[in-house]
Amino acid sequence: MSTTATQPIAEGIDNPSLKSQLHRAERLRKIKAAALVMPLAIFLLIVFVAPISQMLWRSVDNTELSQEMPQTAALLLRWDGQQLPNQEVYATFAQELQISRQEGGLGRVGRRLNYEKPTFRGLLVRTLRRLPAQASAADYAEALANSDRAWSEIATWQAIKKAAAPTTDRYLLASLDLERNSQGEIQSITETQRVYLSVFQRTIVIAGSVTLICLLLGFPLAYLLASLPASKSNLLLIFVLLPFWTSLLVRTASWIVLLQSGGLINTSLMNLGIIEDPLQLVFNRFGVLVAMVHILLPFMILPLYSVMKGISPTYQRAAISLGCHPFVAFWKVYAPQTVSGVAAGALLVFIMALGYYITPTLVGGPSDQMVSYYVAYYTNTTNNWGMAAALGSLLLIVTLLLYLVYHRLVNQKQLVRN
Amino acid sequence: MKNTTKTINFKSMLGASILGSGLLFASTSQAFTVITFGGASGEAMQNAYYTPFDKKTKAGLVPGDYNGELSRIRAMVETGNVSWDLVEVESPELARGCFEGMFERLDWKKLGIKDQIIDDAVEECGVGAFVWSTVLAYDADKLKKVPQSWQDFWNVKEFPGKRGLRRGAKFTLEFALFADGVAVEDVYDVLRTPEGVDRAFAKLDEISEHIQWWEAGAQPPQWLVAGDVVMSSSYNGRIAAAQEEGRNLAIAWKGSIYDLDYWAIVKGSKKRELAYDFIRFASQPDTQAAYSSGIPYGPVNPAALPSLSAKQSARMPTNPKNMKGARAMDTGFWVDYGEELEQRFNAWSSRL
């Protein structure tokens, strides 16, 4: 009794603080939610955002010279590049070259300058051997000029000037078969060196063909899976998933065994007398497509299957019962409902195929290597991370652009349907 | 080199490096880590070097494999988290890594083995571990006529069929020039000129449609045995391994190109003294002979040669008979011009 009597009073008193209590509860809930998401956010930041931004930065990073030889870099940036730089530049360069050797920065400088001209590393080593240990500025300048003919050539200094600015577009340009000439204008590189434009084109063509073949093979299979009774479709689904449990390398290698000249397919065909000479089935584009489609097919089938499973068969039946031809009913009524599955599957397969590396390396010929092959080459073999990052960044940009275009197309289609 | 199957995909590499850097940091503060290319050579090293060395010094030696990627060493040195102490590197990587400060400069006086080993094995940052060679190999059961040189390799009339070459400019350009009649001692002088490079690519044009390009060292012997190719360039150790399995593969040593693998100490390693001891131990005649009888890569210590059997020594790149007409790879050349020539090779092969 007494409690009921006090309640309205208590409510009256607590009313303003109820609001704040609600607020507090709400805030607490928000913090809890944020705390739950936080590990994921941090994880994404560490393994996704940070490495990608670092890769993007590496593709324009040109800080080698400005960090290891700051004064030379500053002087050269002010130099007009028309005639040989003045004595001050010579002296500073000679001094900083020796300092960089003592402090261990010479490696970075040499690596960077070697990209401008393949003989730079040797030149620096030779020059260092001939420079005096201690000298006045004028002596340094003279010693440098005398140490190698290259220092009296304007091209040498122009090359160093290119490395002086803190950022550069040389890697990105080189990834598009372009370069800057001595006047700073962008031009195509010599024809015998041009390769990356065709590599990008090839990467997109291979990924596109793989996606198309996967769709053509996967669609009927997914349809079959979705329309069979559960007991049978589950068994078939296991066969679809089976390749997932085998290592990618093993699957690729087994294709080589099957397809090579002395392999199972060629020997069977020859024993049957169908062919005289072995067919070239592997180490060319055909082998790459076969192996990649085999590996990526489940990524097409599974999204298609999950969408088709949810489509009620009654619409199609209704269309047929109203006098529609079964094929037209399939095409006009059933197929549009699968668009989201086709879109998801195609996107998944296409984007995974863009980054393929091991399979084309092992079953492809030299004209079937994709962008990632060259990324790996620059990362691991030549240690030119600028080039690797530039190729990677361009691939990322191309992928994003294609994704945007694709997103548009799919959305439009769905709009039309609605 | 011998072991270039690139089995890394980036997802697993990322995962492994995140996990690995944590684990290695925690676990290897005590261990002495020696990283090599593994495979058959790694097994031979285990028997000849690791086990006896560990027994002698109780150093807690931990062996490991890699694929020769300088990037991993560079990442370690740049972050200051050095978990590898001693690594086996190929000569261009040694030169590059030494110049870029990834390896310790060696104190040869302290090592005290300079006059025991061959001159090629003495470098600023590295000590030769063994000599290997890229040779012309063929299946002696399948060819009626024996190919003698790279000229025969280019002769598709008398030796019809596909040929295997390594996908890349290195070795390929040298072999093309040998086939074009350039003397072995002049080959790098010719390649230093633009005309020489054009000449090599023109020679490659002649047989481009007959070439099947290999990527991993295991491929050439496998292709030869399967009859996919009639002859191929190959690493000599791989051919010897196939011979052990009873395959009648043979080698034409003329025009082969040999090179060394080196031991190098990663900059910032805390086990420098142990690394010096290990290098000294692995350069002795008896340990070198034990290694070379495990795999036919030539010892850098000539005193190891007499204790090898006649059959073993006939397979060594360092055997004087095999050295005749062979060429040492010019490391300096490939360090300077490698990237440019590889790009040109890629451009050329894209148009095939």
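This is a predicted model: local features need pLDDT of at least 70, side-chain atom pairs count only at pLDDT 80 or more; totals for chains, interfaces and linings use all residues.
Buried area is the accessible area (1.4 Å probe) that two parts lose on being put together, summed over both. Local features need pLDDT of at least 70 and side-chain atom pairs pLDDT 80 or more, while totals for chains, interfaces and linings use all residues. Residues are numbered from 1 along each chain as its sequence is written, chains are lettered from A in the order in which they are written, and side-chain values use heavy atoms, leaving out hydrogens and water.

**The interface**
- Chain A brings 47 residues to the contact and chain B brings 44, where contact means heavy atoms within 4.5 Å.
- R121(A), P366(A) and N380(A) supply 15% of the area that chain A buries against chain B, more than any other three residues.

- On the side of chain A that touches chain B, helix 19 (371–381) of chain A gives the largest share, 7 residues; helices here are DSSP runs of H or I, at least four residues, numbered from the N terminus.

**Helix 10**
- Helix 10 of chain A (residues 196–227) has 32 residues and reaches 46 Å from its first C-alpha to its last.
- Helix 10 bends by about 30 degrees at G218(A), and P220(A), a proline, follows within four residues; the bend is the angle between axes fitted to the seven residues ending there and the seven starting there.

Notes: Helices (H or I, at least four residues) and strands (E, at least two) are DSSP runs, numbered from the N terminus. The expected span of a helix is 1.5 Å times one less than its number of residues.
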